[in-house]
Amino acid sequence: MTKSQKARFVIDTLAEIYPEIPIPLDHKDPYTLLIAVLMSAQSTDVRVNLITPLLFAKADNPYDMVKLSIDEIREIIKPVGLSPAKAKGIHGLSQILIDKHGGKVPQSFEALEELPAVGHKTASVVMSQAFGVPAFPVDTHIHRLMYRWGLSDGKNVVQTEKDAKKLFPEDKWNDLHLQIIWYGRQYSPARGWDLKKDIITATIGRKEVLEEYGKKKVR
C-alpha cells in the first residue's frame, strides 16, 4: 500500500469512528483556548480542564488576568505542572494582547508565536480550533501514530507535521488532527497497546513496528 493509499485509509476510517469530533480542552473563546493550550504543555487535558474553571472564575479575559499577580496565577495553576513558567507566560501574553492587539487574540501564526510561552504547536491549535484556519498541530499521539503507520520517520515533530501536511488534503487537517489524537488515546496508546483493537495499525502499520509488537507478545 502506498503512503497516499494509507492516508486515504486513515481519513476514511477515522471519519467512521469519529463523525462527531469533541474538542479536548474546555474553552469559550479564543483567549480561554489560548490559555488552556498553554497550560496543557507536559500535562493532560483532563487535568487542565479541572483547573481552568478555577482560573477563569477569577480572570477569563486579558484585562482581568493582568490584575492578578504572577504568584496568584501560579498558585491556581500549580496542579498542571511547570506553573512558574506558565504563570509568567499567561500574565505576560495577556499584557501584550492589551498593549498590541486591543485585548484580542491575533489571527495569525506569526503574531501568536511572538507571544510569551506560545510555540508553533500552541499557535496551530488556536488557529485551527478558534479561527478555523487550516493547521496540523502535532502532539505526542500524532507523532507516535504517524510513525507507527509508516507515514513519517518520526525524527521530530517538525518533520512529522511536514509529512502530514503533504499526505493529507488541507481541508481535512483541522478535523483529522483531532481524530488522530482521540484514536491514539483510545486505540493506539504508548502503553497498554492492544493491536487487536487498533484496526488502523493492524492494517497499514510499519513492518518493523508490527514485528516488534509480535516479539513483545511472544516474550
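Guide: Helices here are DSSP runs of H or I at least four residues long, strands are runs of E of at least two, and both are numbered from the N terminus. Histidine 141, for one, lies in helix 9. Keep in mind that this is a predicted model, where local features need pLDDT of at least 70, side-chain atom pairs count only at pLDDT 80 or more, and totals for chains, interfaces and linings use all residues. Residues are numbered from 1 along each chain as its sequence is written, and side-chain values use heavy atoms, with hydrogens and water left out.

Visitor: Why is histidine 141 called buried?

Guide: Buried means under 20% relative accessible area, exposed means over 50%, and partly exposed is in between (1.4 Å probe, protein chains only). Histidine 141 has a relative accessible area of 17%, so it is buried.

Visitor: What is histidine 141 in contact with, leaving aside its neighbours within four places in sequence?

Guide: Contact means heavy atoms within 4.5 Å. On that basis the partners of histidine 141 are Ile181, Gly184 and Arg185.

Visitor: And how do you know that phenylalanine 136 counts as buried?

Guide: Its relative accessibility is 0%, so phenylalanine 136 counts as buried. This residue sits in the loop between helix 8 (120-129) and helix 9. Not counting residues up to four places away in sequence, phenylalanine 136 touches Ile142, Glu161, Ala164, Lys165, Phe168, Trp173, Leu176, His177 and Ile180.

Visitor: What makes helix 9 and helix 10 roughly perpendicular?

Guide: Axes are lines fitted to C-alpha atoms, for helices over the stretch in contact, and angles run from 0 to 180 degrees between N-to-C directions. Under 35 degrees is roughly parallel, over 145 roughly antiparallel, 65 to 115 roughly perpendicular, and the rest oblique. Helix 9 (residues 140-148) and helix 10 (residues 157-167) pack at about 65 degrees, with axes 10 Å apart. The two helices are therefore roughly perpendicular to each other.

Visitor: Which residues make that contact?

Guide: Helix 9 brings Ile142, His143 and Met146, while helix 10 brings Val157, Thr160, Asp163, Ala164 and Leu167.

Visitor: How do you know that the 25 Å between the end C-alpha atoms of helix 6 agrees with its 19 residues?

Guide: The expected span is 1.5 Å times one less than the number of residues. For helix 6 (residues 83-101) that should give 27 Å, and the 25 Å between its end C-alpha atoms agrees. Buried residues in helix 6 include Ile90, Leu93 and Leu97. Among the elements covering the buried residues of helix 6 are helix 2 (30-39) and helix 3 (45-58). Just after helix 6, glycine 102 takes a positive phi of about 60 degrees.
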